[in-house]
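Here's a quick tour of one model, helix by helix. Have a look at the coordinates first, then read on.

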Amino acid sequence: SILHAFAILGAVLLLGPMIGRIPIAALAGLLLSVAFRMLRPSKLLQLWGAARADALIYATTFFVIVFVDLLEGVQWGVFAALAMAAIRFGR
């Protein structure tokens with residue numbers, strides 16, 4: 001993960017002007033593509049049968065990514081997972 005983060009940072013710093021030329025519509029299409037690849041209905045149903053709380057975290061992250069923003073969706077997913085962990089540890 002750390003190497004991947006440094007690779008992205010290097011690409012942004014070195015290729016910033018070229019990345020700035022990418023149309024927003026193309027980035028929106030990429031975002032939807034990633035979100036729909038993330039959601040596999042069979043895996044969601046399998047997860048729903050095994051752990052409904054985890055399936056709700058998964059679905060929350062997906063819907064916020066699609067309808068709001070990628071970063072916002074990741075934040076909501078992390079928050080939901082932390083809340084669920086706090087509830088589980090509280091028991």
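Is Asp-54 buried, partly exposed or exposed? With a relative accessible area of 29%, Asp-54 is partly exposed (buried is under 20%, exposed over 50%, partly exposed in between, using a 1.4 Å probe and protein chains only).

Before going further: this is a predicted model, where local features need pLDDT of at least 70 and side-chain atom pairs count only at pLDDT 80 or more, while totals for chains, interfaces and linings use all residues. Residues are numbered from 1 along each chain as its sequence is written, and side-chain values use heavy atoms, leaving out hydrogens and water.

Searching the whole structure turns up one salt bridge (a side-chain nitrogen of Lys or Arg within 4 Å of a carboxyl oxygen of Asp or Glu). Arg-88 and Asp-54 form it, at 3.3 Å from N to O. Arg-88 sits in H5 and Asp-54 in H4, so the pair ties together parts 34 residues apart in sequence.

| Residue | Helix | Relative accessibility |
|---|---|---|
| Arg-88 | H5 (residues 70-90) | 43% |
| Asp-54 | H4 (residues 52-67) | 29% |

Helices here are DSSP runs of H or I with at least four residues, numbered from the N terminus.

Asp-54 also takes part in the contact between H3 and H4 (heavy atoms within 4.5 Å), as do Leu-44 and Trp-48 of H3, among others. The contact residues divide into seven nonpolar, no polar and two charged (Ala, Val, Leu, Ile, Met, Phe, Trp, Tyr, Cys and Pro count as nonpolar, Asp, Glu, Lys and Arg as charged, and the others, Gly among them, as polar).

How values were computed: Helix = DSSP H or I, 4+ residues; strand = E, 2+ residues; numbered from the N terminus.
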